[in-house]
Amino acid sequence: MEERRQLLKLSILYQIINGQLVIPEAPIERRIQQRSLRNSTSTLLQRPVTHTNAHLYSFFPNAIALWNDLTPSVQMSESLYIFKRSLHTFLHNT
């Protein structure tokens with residue numbers, strides 16, 4: 001059940017990041033960071049500041065934390081279908 005929730009949250013976030021789903025005033029700030037995985041660049045997202053657990057575990061802070069844990073190859077998938085397939089593999093291997 002938890003894996004299914006993670007898959008759905010990350011799929012929605014993927015669509016928002018790639019302009020496939022428009023959410024006005026979505027609190028998404030990108031920052032490019034070098035990761036040690038073959039010197040590839042990946043898009044990490046700045047988590048919104050939270051002061052309560054209710055906000056911490058709400059959609060955007062939680063989904064952004066999950067996103068930042070993904071490998072660059074999963075983050076940079078070329079389509080939603082490829083993203084979901086890569087994400088499913090990633091979640092089973094962690």
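Me: How many aromatic pairs does the count come to?
Reply: This is a predicted model, where local features need pLDDT of at least 70, side-chain atom pairs count only at pLDDT 80 or more, and totals for chains, interfaces and linings use all residues. Residues are numbered from 1 along each chain as its sequence is written, and side-chain values use heavy atoms, with hydrogens and water left out. Rings of Phe, Tyr and Trp (its six-membered ring) pair if their centres lie within 6.5 Å; planes under 30 degrees apart count as stacked, over 60 as edge-to-face and the rest as tilted. By this rule, the number of aromatic pairs is three.

Me: What is the angle between the planes of Y14 and F83?
Reply: A pair of aromatic rings is described by the distance of the centres and the angle of the planes. Y14 and F83 form a stacked pair with 4.5 Å centre to centre, and the angle between the planes is 20°.

Me: How many residues apart in sequence are the parts that this pair ties together?
Reply: Helices are DSSP runs of H or I with at least four residues, strands are runs of E with at least two, and both are numbered from the N terminus. Y14 lies in helix α1 (residues 2-17) and F83 in helix α5 (residues 80-93), so the parts tied together are apart in sequence by 69 residues.

Me: Are Y14 and F83 buried or exposed?
Reply: Buried means under 20% relative accessible area, exposed over 50%, and partly exposed in between (1.4 Å probe, protein chains only). By that rule, Y14 and F83 are both buried.

Me: Which residue is linked with Y14 and F83 into a cluster by ring pairs?
Reply: Contact means heavy atoms within 4.5 Å. Not counting residues up to four places away in sequence, the residues touched by W67 include Y14, F83, L10 and L13. Ring pairs link Y14 and F83 into a cluster with W67.

Me: What share of the residues of the protein count as buried?
Reply: The protein has five helices and two strands, in the order α-β-β-α-α-α-α from the N terminus on. Of its 94 residues, the share that count as buried is 31%.
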